[in-house]
Structure formats: structure tokens, C-alpha cells
Amino acid sequence: MNFTLNSVLPNQIKIVEVGPRDGLQNEAATISTEVKIELINRLSAAGFSTIEAGSFVSPKRVPQMADSAQVMAGITRKPGVIYAALTPNLQGVEAAIAAGIDEVVIFGSASEAFSQKNINCSIAESIERFREVAQRAQVHNKRLRGTVSCSLGCPYQGEVKPEAVVDVVQRLRDLGCNEIDIADTIGVGTARQVQSLMLQVMKEFPVSNLAGHFHDTYGQALANIYASLEVGISTFHSSVAGLGGCPYAKGATGNVATEDVLFMMLGLGIETGIDLDQTVAAGQYISKILGRKTASRAGNALALRG
């Protein structure tokens, strides 16, 4: 297979910080509202332009996110920062809008098996459920972001065909998504596989509005980010201290650590607009609260050095 690689990497990238939502949702112990607010404020101060701040889902499904409205009411909003939230249904999007969320996030799976296990419906049915959510977001002039989960593999069915990913991208595009994330939910993707998939997806959606969301289960996340840079992707998701994983995907360990991504970009001379030291401090803060070391290698090394 032929690959179209950029001879020059982008000068600047956007990092979407997902720790306060995708990171903390998987924690068994309840994290206080005050801690969540402090973490988000620290990340805002560090320079992140987009932060996943909460999730407006049933508290029975994800109890850790039950206080998302209170979190949104308590944070110190920094001008220009987009505060995003997961909103899987009409009730969720109405609550998110009332709470002042700037960006509505919907999730569609590229795996039929995962869709059934996660939300008890087919991929096609899930997209139909999101139609009302998308319409409400647009009526209220909120950004709409779609995520394609299990894009490179599924814990239940194994291989996921690229055509299935492209199909979901087309469906999310047609709902009016401003940005679409290609998510390696269980972290099984490798560099060439990621490049091949991104190139196919680019035929259906602008590369400037595509993002990579990589988990580090098999230690491939940074390699997959670099591989994505080579084909023109310039938006990536990461989680401070490497927090997180999907509670409905067996084996989905933490997201790639934000500190590690920032350290790599610093070495590549790619601008992020984010202060690495402040991000390391935020990672150390939440790790101390959780009673463990940060999962970020760069975060640990820089904290010891500094």
C-alpha cells in the first residue's frame, strides 16, 4: 500500500485534554467536585484550548460524572477555552446546554458488537439517537464533535474493518459534526495501520477537522501520534497523568499521557500553546489525590528533576 507522507510536520497542533472526563470516569473511588474543579482550573491555566469537563449521562451508568453540572458551575472559565461534555441523548444535551457547555460530544462505535454491549443498540440506531442531540446543539450554536470508538479494534469482535470506520465518519459528518475523533479505544493500533485508516477517512472528512485519540495499552500511542502527524493530522487527545480508559471496554487502559505528548512535541519543535511544567504539576496534583504515581514517564522524570 502506498502512503502519502508529509515531508514537513505541522508547525502547531491542538491537544484536547480529556483527563477530567475520559480520565476520571473510570476511577472507582468518588472524586470530589472540588477536586474536579481544581483540576480543570489548573489545565485551563496551563493553556489548553479544549478540555473535556464532564459527561451528562445517567449517574447509574457513570456515577463519577453525576456532578458535571456542579463542576461546570464552579470552574473559572478562561476566555477562549472550549469546555466540552459527553451528551449521549436529548436529556443529556439539554442538561449540558443549561450548564453552559461549549461543545457537545457524541460517540458512535465502528464495532457492532461494542455498540450492542455499550448502549444496547446497533450502530445505525445509535446514530439515529444522536440526530436530536445534534439538532439541539446546532439550535443553541454549540460545537458538535463526534468520536468513532473502536476504530482500530474491538474487545468483543476483534478486528474492525476500515470500511466500518469510514461509514461511521460519513454518518457523523452528515449529522453536522464540526470535528471527528478516530479513537483507538483498546490501544491495539500500530503506526502503519493508523496511517492507512487516517488516509481513508480523509477522503470523507477534512483532515484539518480530524483528531487522533490513542490509548497506550500496548505502548503504541506516541508512535501512532507521530504516524498521524506524518499524514497531516494536527489534533490529538490526551489525558493528564495518563488517566482513564473506557469503563465498557475490557483491556482499555489509560489514554496517552498529556505530559508525554507535550514532551515529544517540544522535541519536534511543534508548538502546542501549553505550558509543560504547569501540566506536570496538574498531573502530580491529581495523582496525589488518587494515591498513586502519574502514569506519565515524562511527568515523573520532570517532577523529580524540578
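Me: What lies over the face of Y285?

Reply: A charge is said to sit over a ring if NZ of Lys or CZ of Arg is within 6 Å of the ring centre and within 35 degrees of the ring normal. In this structure R42 lies over the face of Y285, at 4.3 Å from the ring centre. Please keep in mind that this is a predicted model, in which local features need pLDDT of at least 70 and side-chain atom pairs count only at pLDDT 80 or more, while totals for chains, interfaces and linings use all residues. Residues are numbered from 1 along each chain as its sequence is written, and side-chain values use heavy atoms, with hydrogens and water left out.

Me: How many aromatic pairs does the count come to?

Reply: Rings of Phe, Tyr and Trp (its six-membered ring) pair if their centres lie within 6.5 Å, and planes under 30 degrees apart count as stacked, over 60 as edge-to-face and the rest as tilted. By this rule the count is one aromatic pair.

Me: How is the chain as a whole described, in terms of its helices and strands?

Reply: Helices (H or I, at least four residues) and strands (E, at least two) are DSSP runs, numbered from the N terminus, and here there are 12 helices and eight strands. The radius of gyration, which is taken over C-alpha atoms and compared with a globule rule of 2.2 Å times the number of residues to the power 0.38, is 18 Å for this chain, close to the 19 Å that the rule gives for 306 residues, so the chain is as compact as a globular protein of that length. Along the principal axes, the C-alpha atoms fill a box of roughly 45 × 45 × 35 Å.

Me: What share of the contacts in the chain, between residues at least 6 apart in sequence, joins residues at least 24 apart?

Reply: Contact means heavy atoms within 4.5 Å. Among the contacts between residues at least 6 apart in sequence, 75% join residues at least 24 apart.

Me: What share of the residues is buried, and which residues have the most contacts inside the largest nonpolar core?

Reply: Buried means under 20% relative accessible area, exposed means over 50%, and partly exposed lies in between (1.4 Å probe, protein chains only); by that reading, buried residues make up 55% of the 306 in the chain. A nonpolar core is a set of buried Ala, Val, Leu, Ile, Met, Phe, Trp, Tyr and Cys residues joined through side-chain atoms within 4.5 Å. The largest one has 88 residues, and those with the most contacts inside it are V148, V165, L172, I180, I182 and I286.

Me: With which side chain does the side chain of D67 make a polar contact?

Reply: A polar contact is a pair of N or O atoms within 3.5 Å; within protein, one must be able to donate a hydrogen and the other to accept it, and residues adjacent in sequence count only if both atoms are side-chain atoms. Here the partner of D67 is the side chain of K36, at 2.7 Å. D67 belongs to the loop between β2 (50-55) and α3 (68-74), and K36 to helix α2 (residues 33-46). D67 counts as buried because its relative accessible area is 13%, and K36 counts as buried because its relative accessibility is 5%. Setting aside residues up to four places away in sequence, K36 touches L24, I31, Q64, M65, D67 and V71, and D67 is in contact with I31, S32, T33 and K36.

Me: Which residues of helix α9 are buried, and what covers them?

Reply: In α9 (residues 221-230) the buried residues are A221, N224, I225, A227, S228 and L229. Their cover includes β6 (179-184), α8 (191-201), β7 (210-214), β8 (235-238) and α10 (258-268). The helix is followed by G232, whose phi is positive, near 105°.

Me: How should I read the phi of C150 and that of A241?

Reply: Most residues other than glycine have a negative phi. C150, which is not a glycine, has a positive phi of about 55°; C150 is placed in the loop between β5 (143-149) and α7 (162-175) and is buried, at 0% relative accessibility. A241 also has a positive phi, near 65°, and is a residue other than glycine; A241 is found in the loop between β8 and α10 and is buried, with a relative accessible area of 3%.
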